[in-house]
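User: Hey, can you walk me through this one? I'm new to reading structures.

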2 protein chains.
Amino acid sequence: MRIQRSIGLGAALLVRVSLAQTFQRLGTCPTLGCVFPPDQTDFLAGQYFDIRLEVHAPINGSEANGKQPDEKFTFTIAKKNEKAVPATEYFSLSEPKLERWNFSWYEDLFAKEAGKPSVVNVTSKAYRKVALYEPGEYTATLTYNNGSTTKASWLVRDLQEVRKAKNIILFIGDGMTTNMITAARLIAHKAVNGRYQTKMQMDQFPILGHQMTHSIDSFITDSANSATALYTGHKSTVNCLGVYADSSKDPFDDPKVETIAEMFFRLTGGHVGIVSTAFIADATPAALTAHTRDRGQYGAVVDSFLNGITNYTWTNWTGPDVLFGGGAEQFYDPKLGGKTYLNKDYYQEFSKKGYQVLWNNTALSKASNDSKALGIFTVSNMAKWLDRNVYKTNLNQSLSPSGDKTAALDQPGLKEMTLKAIDILAKRSGDKGFFIMSEAASIDKMMHVLDYDRALGELLELDDTIKATIAKLKAINQFKETLILVTADHGHGFDVMGSVDTKYLAAQNVDRKKRDAVGTYQNSGLSQYAHSGNLSYTEGVHFPSNWDPRYTLFQGLMADPDRRENWSVHKGGPRVPAVNITPSADFYANPKDGAGGLLLNGTLPVGDDQGVHSLTDVPVFAMGPCQEHFGGVYNSIDIFFGMAECFGLARRKGYGQ
Amino acid sequence: MRIQRSIGLGAALLVRVSLAQTFQRLGTCPTLGCVFPPDQTDFLAGQYFDIRLEVHAPINGSEANGKQPDEKFTFTIAKKNEKAVPATEYFSLSEPKLERWNFSWYEDLFAKEAGKPSVVNVTSKAYRKVALYEPGEYTATLTYNNGSTTKASWLVRDLQEVRKAKNIILFIGDGMTTNMITAARLIAHKAVNGRYQTKMQMDQFPILGHQMTHSIDSFITDSANSATALYTGHKSTVNCLGVYADSSKDPFDDPKVETIAEMFFRLTGGHVGIVSTAFIADATPAALTAHTRDRGQYGAVVDSFLNGITNYTWTNWTGPDVLFGGGAEQFYDPKLGGKTYLNKDYYQEFSKKGYQVLWNNTALSKASNDSKALGIFTVSNMAKWLDRNVYKTNLNQSLSPSGDKTAALDQPGLKEMTLKAIDILAKRSGDKGFFIMSEAASIDKMMHVLDYDRALGELLELDDTIKATIAKLKAINQFKETLILVTADHGHGFDVMGSVDTKYLAAQNVDRKKRDAVGTYQNSGLSQYAHSGNLSYTEGVHFPSNWDPRYTLFQGLMADPDRRENWSVHKGGPRVPAVNITPSADFYANPKDGAGGLLLNGTLPVGDDQGVHSLTDVPVFAMGPCQEHFGGVYNSIDIFFGMAECFGLARRKGYGQ
């Protein structure tokens, strides 16, 4: 899938001297006049978005200009080869009111350490819920400070309006890289003389692509920002859900962009399903309906699932057919300890709108396919595959979704949730089709805490879910009309470099001797995970037969807190590699973790207790109608445009207003 | 590209209890009867190979059987649904003579530490230069010890004999992963608001695949073994070039398999070019013509380039048209210090066979396109792109290819060598076409020494070379008939996790404070490599404009020796991260390296002074005839079968004997 635009006019204009600093005044705004969406933005024809303009007057720091922020800035839109006209005229809007605020930032680590922030006064306006319908190039021009200009080159992609797929199922392996898929294959599939005897489902997809995950204003992304790119075609800033980040304090007034779920529902009446093994207000599910620059507004996120955006006029939205995941604490009554939006009981709110409310796997399996369903199966993130299937005593925690502090023992896996979602959506959507986002969230969460075994277990569960999904679609005769995409939102720096003789490692008393337990190249040997042991599972077949062999994987992340590494499965539940031993955040290796292992100093700031995301392009596997759009190397936003084209969601002038 | 075979019969038979140990008695031989090629082997119809049989009698250790190795073992071949016949009859060979030897190995690290080897007596036979012509499944059966059997399921793939490409150019980025390509893109290509303004050439290839690089008997490979898989369709053991590893002491008697270069030359008369930035006897170029289980036999490798295999009857080979690279020490007269095969002067040997001998870039550019050419431009590995173009004083070393101890200042890059190779091969091959292997060897070599900047420079030079190659093929009107493949032979665990404020890092005195210089997520900022500075280069355009910005990449490997990391460019030449401070191999951080940086303990055995290879699947980019064979996920051997099919090299019974 190729990026379809000429090189923008803004490229040469917007470079300033000191880019790439650790801190930035405001991402995407290197000059003192800011336009959001910024230069180089692409749009789907007919996609709703907001425009935010800002004029900055830095009152101290290296950019101080001794000015008050301009109140009389102007803003025009010009389609290529046409005259520039005021935005109010172009969009038939009345002039928005002028807003004012200020914010501060640190120019670098020295300024931060010295406690010397730079303060910026701001004037601003926002144009809400506009759209561009005619394909082609546009120039948006902010004129301020007596003739300074900030120009943004915008492109409305020229996509066909023909629908090619009835359904799309988008699987997101959060944080999943090619390196992790390779490792998961090694532990779950048996090889004889270098030939795997069974195959991962992902390895059988006909089309492979790579997508670039970087943020709009930093090269490492988080899951909010990257989900926004996948769902809207707009890259944004870390922590943003469905908005560009402005500099105001209000986390809900940032300029919005419409998502694939919102457009699919608004324009076709198609049905939407949202499934995740995370707490359901987490970034990857949230970005389908929420619009805030602060992904931490969990209560509001849950409200957005049900009611859409309520603070501004926005796209039509009446809730997904299916919402399955964890995070009961954003649903149950605050009297039970719930942390909900406006202190409401969201089980009741969903129930009032006709949702079945499901709290365990048994209820899930028995639920009707005729009604909408909310399935919330635990407080916080859902239990990991490894704990549900192997180390089951770890489920004995006070995490019941009801809020009654009992254990959440009967949790479904990603497979059970996804298959039920398909059943409900296929039944309810009829000819209109469906869009499902199904997220294996804890690949990321377990990589963050350096719990490689649990992370790979989650990845294998994702693969098993994809396999079962294909079988299900064939069984209900919807396989040929469904595009299946499998991708990730970003990576973690992870790989496997050999094996570890854990018996030898444990027998050494000196760290430098423990390192001899590592076997590289020919001494890596074969995987014992698939070649020994006798574990079997109620779900799926291609999982390790032994999670605790003598010879384990010499695997790891590249950016870590202090930790003790013994390269063995963490039987007691998800790993806690580092703990805080001071009143301030100052993390050291957890003395209870990695017994007998090698003590390793971290490389991350000592306030970090877990690993971080990485830069690497992530894989995209595609199968079904339009699969050919997803081969080769492209930007993350192209996933959105590919899906939108496959659903035929572009609307040229005259349609869909 | 899909693997075309049913699950082999051997799968269930050959599993033993204690697989995956750090040490193995003999890879691919878990029982006491060994057949090479082993179970699960695929062949191209008409491809020459040797067969080696061994019977093992362990005389101590856990496998000791108190027996003498069987002298009367028998060996049969059966095509599927046909009767088993003795191999001598099947291949019309006389019975080979019985060989005997013994070898020893350590069962694990405890046995090694205690100095208690396990000794094995062996009887053996070898059948030389045989081939299978009829596509289909075969069972090879070794019967020994009164009725024990070792069965190998062999498959001759059913490939068409139609030639679809006139030429193939195979680019190998040694050790290159998707993660590294992502990092190289970040430092060399400018992005504005998340959109790259220029593209890597690799990113523009229409087809993307992933190949699995694992060895036949260990999950981490080296470059010898992985090159063997790419060139022959046979995975093998670490250190093997074009052979399966037997247990004998002789490094030249192991069972051979014919390479793509040998078959292309033998069957079509097509011409071959070999280009590398490594010393030319290094594994990746060597595996095209050499057949030995010890990649360290450099002199013999150089002889094989010119004379092919001389110790046994083998495929027809009279030398490549082009052999360009480093490693003069295997060529010049031993009186000057050369370390050559049989103490010959290999400049003279090549010259006697009609080769032009070229020692610098000036001579390369002026060389005739009518004659074969040997270009050896330095002792050891060639100079790195970063030293040739930015830190040029590092070239002042006594590395002249003549052996006269002057400096090798006028070295070509991969681009100059590859373009000249195309000129010569296009001119000389006429209608017969050509095969070129062009290797960016020092991506790997610089990753090994944790010199990330130099490694990424080499990767960018590879990308620039591919771009120039496409332009050259178009200029000589051979673009449409040439398949271009770009891949790697294995990975290194590498990624980028953020940025480093090197100024802040240098200003801190305490390691835990230095870690605060790391910026992750939104604090990673933008790449300063492409956004600042004013460097430009005589070759190529898409390289960093600044290699030494204040904000560098927080990048690294995952398996390291002790080292001091300051995440800054190493201006004095390739990095030396660790040094030996004792008579035994016991490496500590090099006190002269990484000034002002963070001291980090390694995770590798302390005898290792550099990083190691990793497991990850590596990318494959394809463009040209047959490109469709190279999409999706597949095994490394499928690259060979894809190229062989594209050249139409399969030969069924009756042809090509």
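User: Where is Ala559(B) found?
Analyst: Ala559(B) is in the loop of chain B between strand S23 (551-557) and strand S24 (563-565). Strands (E, at least two residues) and helices (H or I, at least four) are DSSP runs, numbered from the N terminus. One heads-up: this is a predicted model, where local features need pLDDT of at least 70, side-chain atom pairs count only at pLDDT 80 or more, and totals for chains, interfaces and linings use all residues. Residues are numbered from 1 along each chain as its sequence is written, chains are lettered from A and ligands numbered from 1 in the order in which they are written, and side-chain values use heavy atoms, leaving out hydrogens and water.

User: OK, is Ala559(B) buried or exposed?
Analyst: Ala559(B) is buried, with a relative accessible area of 2%. Buried means under 20% relative accessible area, exposed means over 50%, and partly exposed is in between (1.4 Å probe, protein chains only).

User: Which residues does Ala559(B) touch?
Analyst: Leaving aside residues up to four places away in sequence, Ala559(B) touches Met497(A) and Phe554(A), plus Thr603(B), Leu604(B), Gly611(B) and Val612(B). A contact here means heavy atoms within 4.5 Å.

User: And how are Ala559(B) and Pro605(B) separated?
Analyst: They are 46 residues apart along the chain, and their C-alpha atoms are separated by 9.8 Å.

User: Switching topic: which residues of H6(B) are buried?
Analyst: Helix H6 of chain B covers residues 260-268, and nine of its nine residues are buried. Among them are Met263(B), Phe264(B), Phe265(B) and Leu267(B), along with Glu262(B) and Arg266(B).

User: What covers them?
Analyst: The cover includes helix H5 (223-232), strand S14 (271-279), strand S18 (434-440) and helix H17 (637-647), which belong to chain B.

User: What follows H6(B)?
Analyst: Gly269(B) does, and its phi is positive, near 75°.

User: Now chain A. How many helices and strands are there?
Analyst: Chain A has 16 helices and 30 strands. The radius of gyration of chain A is 25 Å, close to the 26 Å that the globule rule gives for 657 residues, so chain A is as compact as a globular protein of that length. That radius is taken over C-alpha atoms, and the rule is 2.2 Å times the number of residues to the power 0.38.

User: How much of chain A is buried?
Analyst: Buried residues make up 69% of the 657 residues in chain A.
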